[in-house]
Amino acid sequence: MAFIPEEVIDQVLRTSNIVEVIEGYVPLKQTGKYYRALCPFHTEKTPSFTVNPERQIFYCFGCGEGGDVFRFLMRREGFSFPDAVRHLAERAGIPVPERGRPREEGLLKLFELQRLACDHFRKILKGPEGTAAREYLSQRGVGSEAVERFQLGYAPAEWDGLLREITRLGLPPRQVEAAGLALPRQGGRGYYDRFRDRLMIPICDSTGKIVGFGGRALGEQQPKYINSPETPVYKKGGHLYGLHLASRAIRETRVALVVEGYFDAISLHSAGFPQTVASLGTALTTDQVALLRRYADKVTLIFDPDPAGIQAAWRGLELLVAEELGVGVVILPHGKDPDTFARESGKDALLTQIAAAQDVVDFLLSRAEERTGLQGVDDQAAAARQVLRLIALMPEGVRRAKYIQKLAERLGVSEGSVLAELRRLGSPDSTVPSAPPPSAPLPPAEKILIQICLLFPETRPLVWGAIREEELSASSLRSIYGVLREFRGTEESLARSLNHHPDPLVRQVTAELFVRGMEECADPHRMVQDCLLRLKLREVQAELKSAREQGDLVRVQALLDQKRTLTSGRISETDYIS
Ligand SMILES: [Zn+2]
């Protein structure tokens, strides 16, 4: 936040309309003062995602996700806060003056170098030095359209082709090394190109910025692939190959096809499957599954039929299942990899295979069947446990129940015995990421008190004078109280500091309190007094209980008097406190 001036952030916030921005992602339907939609952050059948245009805030009553327009973009696009501000500023045509941003400038340089290298490799591929690489591509059935789309290039068999090109543009060789494109010479000074005589395949992040390269040998020389080393912009297993080209199709169909290699992805795109990405390692990583979660509800794995491919599919399953993603597994017939299959058998054959994808239970049981025949009781029990370990990772719900039912059917046992076995396996492994536990409901009087404080600044002095932070029992409300009380700034920046509070629970509660404005509330001061009275009563009630337990009759009498005074016709018959 520190790098963009506050005034600019305020201006961006004032000029962007949260309804317009969110509508770019999910269709909103107006109901009264609010807009509703099916939540883009969790799977649901009836809309609980609510946008309040007046407060410029969203909140989902189903999963608790909420905040301002920046928070929406951060969550939806994976932007950092400054990136979300810049994104909206650009849309609105507001210039963002940047003060010293050494680290980000360094990152910009790294991105720029990848881009320059990519342009260089592409130029070479088209020129006389690119003949062998072009032949290689046409042998593999990669047409010119795919070459353009995936920005393929060629690094010639020279020691410093790229270095010369980039230093000619005035950038120091040291930076080419930092970008992972050159290596220091042994024993002497200077550098040499990392990629030589290789087909160059740029790897992009989800927005299409190049972060690194894969270099494929044209012949049989080893290693077959050389990849960029990790740099500040490239993390192994942190990206999905082709995602920037696939994200739109995935978002539309909510299904992602995941293959292993570059050429699998390129072939599937060319064959008419634009929702394909490649994992590039063998097994999917947590970062990759989190990326998929942003766009897809279901992931279909199309892996090589060799043991390594099957092993990879199997390891990806746990992560996908724990992230509540639907999973399908396709193992192609005749030992063909997806690239070969797509080119030789065509779109329709592949569609048939994808439509017949196995779900988790079928996949694991048929693997076990191939290995052991599943004849004996012991083999069956072992296979069942393998499936159950996966089912145990799933959140409770329809999908989990269906899998349990299916497993029972396939093994010819009762659902009860499957459930018993599941309980025996115990709770899910704690190392697997799972949804946060649902938070306890907030005490109504405290919640409304803080809500009025948020929405009606004029009531705050009354509250500060009547109740201390530590008298509130809910920690999130205590934090909001603390921020409200200490804050010296505009209401806009106050809302922003709550919407971007470091504690996610505080952000969630803030959004919940903000989203339903209380504009219909005629007398906020009286509501505050009612809430305070109820809190006071709660306190007296608790003291009364302990006095009774201790047999302190004098104190009991005094407290009963106090209670009577408090309640004597002074609690109004309003029904807003349930
Ligand atoms: Zn939700």
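Two residues are in contact here when heavy atoms of each come within 4.5 Å. Keep that in mind for every stop. The model on your screen is predicted.

**Stop 1: Ile18**

Select Ile18. This residue belongs to helix α2, which covers residues 18–23. Is Ile18 buried or exposed? Its relative accessibility is 0%, so Ile18 counts as buried. The cut-off for buried is under 20%.

Now show what surrounds Ile18. Set aside its neighbours within four places in sequence. Ile18 then contacts Val51, Gln56, Ile57, Phe58, Gly67, Asp68 and Val69.

In sequence, Ile18 and Thr207 are 189 residues apart. In space, their C-alpha atoms are 21 Å apart.

**Stop 2: the whole chain**

Zoom out. The chain holds 25 helices and 15 strands. Its C-alpha trace spans about 95 × 70 × 50 Å along the principal axes. Of the 578 residues in the chain, 49% are buried. Residues 24 or more positions apart account for 64% of them.

**Stop 3: Thr231**

Select Thr231. Look for it in the loop between β11 (225–227) and α10 (243–253). Thr231 has 13% relative accessibility, so it counts as buried. Which residues does Thr231 touch, not counting those up to four places away in sequence? They are Ala178, Ala179, Gly180 and Val211.

**Stop 4: helices α15 and α16**

Select residues 360–372 for α15 and 377–391 for α16. Two packed helices are described by the angle between their axes and the distance between the axes. Here the axes come within 10 Å and cross at roughly 150 degrees. Angles over 145 degrees count as roughly antiparallel. The two helices α15 and α16 are therefore roughly antiparallel to each other. The crossing of α15 past α16 is right-handed.

Show the side chains. From α15, pick Val360, Val361, Leu364, Leu365, Ala368, Arg371 and Thr372. They meet Asp379, Ala383, Gln386, Val387 and Leu390 of α16. In this contact of α15 with α16, eight residues are nonpolar, two are polar and two are charged.

**Stop 5: helix α19**

Select residues 444–455, which form α19. The helix has 12 residues. From first C-alpha to last, α19 reaches 16 Å, close to the 16 Å expected at 1.5 Å a residue.

How many of the 12 residues of α19 are buried? The count is 10, so α19 is mostly covered. Among the buried residues are Ile450, Gln451, Cys453, Leu454 and Leu455. What covers the buried residues of α19 includes α20 (460–466), α21 (475–486), α22 (491–499), α23 (504–515) and α24.

**Stop 6: α24 against α19**

On the α19 side, the contact uses Ala445, Glu446, Ile448, Leu449 and Ile452. On the α24 side, select Pro524, Met527, Val528, Cys531, Leu532, Arg534, Leu535 and Arg538. The contact of α19 with α24 has 10 nonpolar residues, no polar ones and three charged.

**Stop 7: helix α21**

Finish with α21, at residues 475–486. This helix has 12 residues and reaches 17 Å from first C-alpha to last, close to the expected 16 Å. Colour its buried residues: Ser476, Leu477, Ile480, Tyr481, Gly482, Val483 and Leu484. What do the buried residues of α21 pack against? Their partners are α19, α20, α22 and α23.

Technical notes
Residues numbered from 1 in each chain as written. Predicted model: local features only at pLDDT ≥ 70, side-chain atom pairs only at ≥ 80, totals over all residues. Heavy atoms only, no water. Axes fitted to C-alpha atoms, helices over the stretch in contact; angles between N-to-C directions. Helix = DSSP H or I, 4+ residues; strand = E, 2+ residues; numbered from the N terminus. Nonpolar A, V, L, I, M, F, W, Y, C, P; charged D, E, K, R; others polar. Expected span 1.5 Å × (residues − 1). Buried < 20%, exposed > 50% of the residue type's maximum accessible area, 1.4 Å probe, protein only. Parallel < 35°, antiparallel > 145°, perpendicular 65-115°, else oblique. Left-handed = near helix turned anticlockwise from the far one by under 90°.
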